[in-house]
Structures are given as structure tokens and as C-alpha cells.
Amino acid sequence: MKRISGKNLILIGFMGTGKTEVGRLLAESLGRRLVDTDRLIVEREGKPVREIFQDRGEAYFRQVEKKIIGELSGQSGLVVSSGGGVVLDADNVARLRESGYVVWLDAAITDLEARLAGDTTRPLLAGNTDLAKLYGERRPFYRNAAHVRVDTTGKPPLAVAAEIIERIRGGT
Ligand code: S3P
């Protein structure tokens, strides 16, 4: 682990890039605790993300998310799977980058469209969201926040996790 030692390992990226599953595999392989920011928000609020957006609005969700990022950034040795929108807030980005190694899971839009088809849990996909447009708007934020980008297109989560471990062990 020479590149990250005790620091946090943070996964960022668009919805459907596999942050939760890859995070789970990384935590297992590295013997670290996994924290999934969406899951923490759901636990604290006692309702699914979709309902939080519906009842309290996106701004409220972002406030809770920001508080959680602040808390996690004060801890070390975690694997953090973050929600796709954390990078929209500059304070979140600064905190995450200070607290660890930030890995951007990216994927081709065609892959994301396939992975997200029929999803009813994500509020940003409700209605006729232009996924390609949102993806295009988000990419500069992920690029700006990340220490490294990993292309997950066509790769199973296990292969992605192995690639990340290779990188943090000092490979490419
Ligand atoms: C969001 C992504 C979701 C969740 C919320 C908002 C976003 O997380 O935090 O629906 O703004 O991209 P996933 O990236 O885990 O789907």
C-alpha cells in the first residue's frame, strides 16, 4: 500500500460505474472498513434516497452528504464509496483529496446507459433525463477531483478492484 498507507481510498464517479460493488471488493481485499455515503445518508434519514429528494429536495440531500464527507475526511484507513454528486461541491473535493487517494471510476456512456436502464431508485434518472448530457456535464468535476482515472468499460467489478490494488501498490 505504499501509495496510500493509512489514508482513505475514495471512489468517485457517475451513477452506475460500480462504486458500491468495487468498494465492497476493495474493502474485503484490503481488510478495510467500507463506508458508502448513500447508505449512511439513508440510515440517518430513515428513508431511501428517492424519498429524501421527494420530501426534502436535492439541496437538503446535498447538505447531509456534505456533513458526512466532512466526518469521513477526519477518519483514516477507510474505503469510501461516494454518491455520484459529491464532486459538485468544492469543499467536498478539497476534503476528499486531503484525506486520501481519490479514484475516478469512469465508463463509456453506452455502458452506463445499459447499466442504468430500468433503474427506479435514483431520483436523477426519473422522468426523461438526458443521461449523456448529464454525464458530459459531470466529467470535468470527476477529472478535477481525481488522483487517478480507471476505465471500467466492459470490465467486471473484480477486475476493476484488482486494477486499483495494482495501482496503489505502486504499479502504473
Ligand atoms: C447522485 C448519485 C447517487 C445518489 C443520488 C445523487 C448524483 O449515487 O447519491 O441519487 O448526483 O449523481 P450513486 O452514484 O451511487 O448512484
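Student: Where shall we begin?

Tutor: With a pairing: in β3, Leu34 has Val79 as its bridge partner. Before going on, note that this is a predicted model, where local features need pLDDT of at least 70, side-chain atom pairs count only at pLDDT 80 or more, and totals for chains, interfaces and linings use all residues. Residues are numbered from 1 along each chain as its sequence is written, and side-chain values use heavy atoms, with hydrogens and water left out.

Student: What counts as a strand, and when do two strands pair?

Tutor: Strands (E, at least two residues) and helices (H or I, at least four) are DSSP runs numbered from the N terminus. Two strands pair if DSSP finds at least two bridges between them. Here strand β2 (residues 33-36) runs parallel to β3, with 4 bridges.

Student: Which strand do 3 bridges join to β3?

Tutor: That is β1 (residues 8-13), also in the parallel sense. Leu9 is the residue opposite Val79 in β3.

Student: How do I read the side chains of a strand?

Tutor: In a regular strand they alternate between the two faces of the sheet. In β3 (residues 78-81), Leu78 and Val80 point one way, while Val79 and Ser81 point the other way.

Student: Is Thr17 buried or exposed?

Tutor: Thr17 is buried, because its relative accessible area is 2%. This residue is in the loop between β1 and α1 (19-30). Its C-alpha is 6.2 Å from that of Asp106, although the two are 89 residues apart in sequence. Phe14 lies in that β1 to α1 loop and counts as buried at 1% relative accessibility.

Student: Which residues come nearest to the ligand?

Tutor: A residue is near a molecule if one of its heavy atoms lies within 4 Å of it. Of the 13 residues around the ligand, the nearest are Lys19, Asp38, Arg62, Arg122 and Arg138.

Definitions and conventions. Buried means under 20% relative accessible area, exposed over 50%, partly exposed in between (1.4 Å probe, protein chains only).
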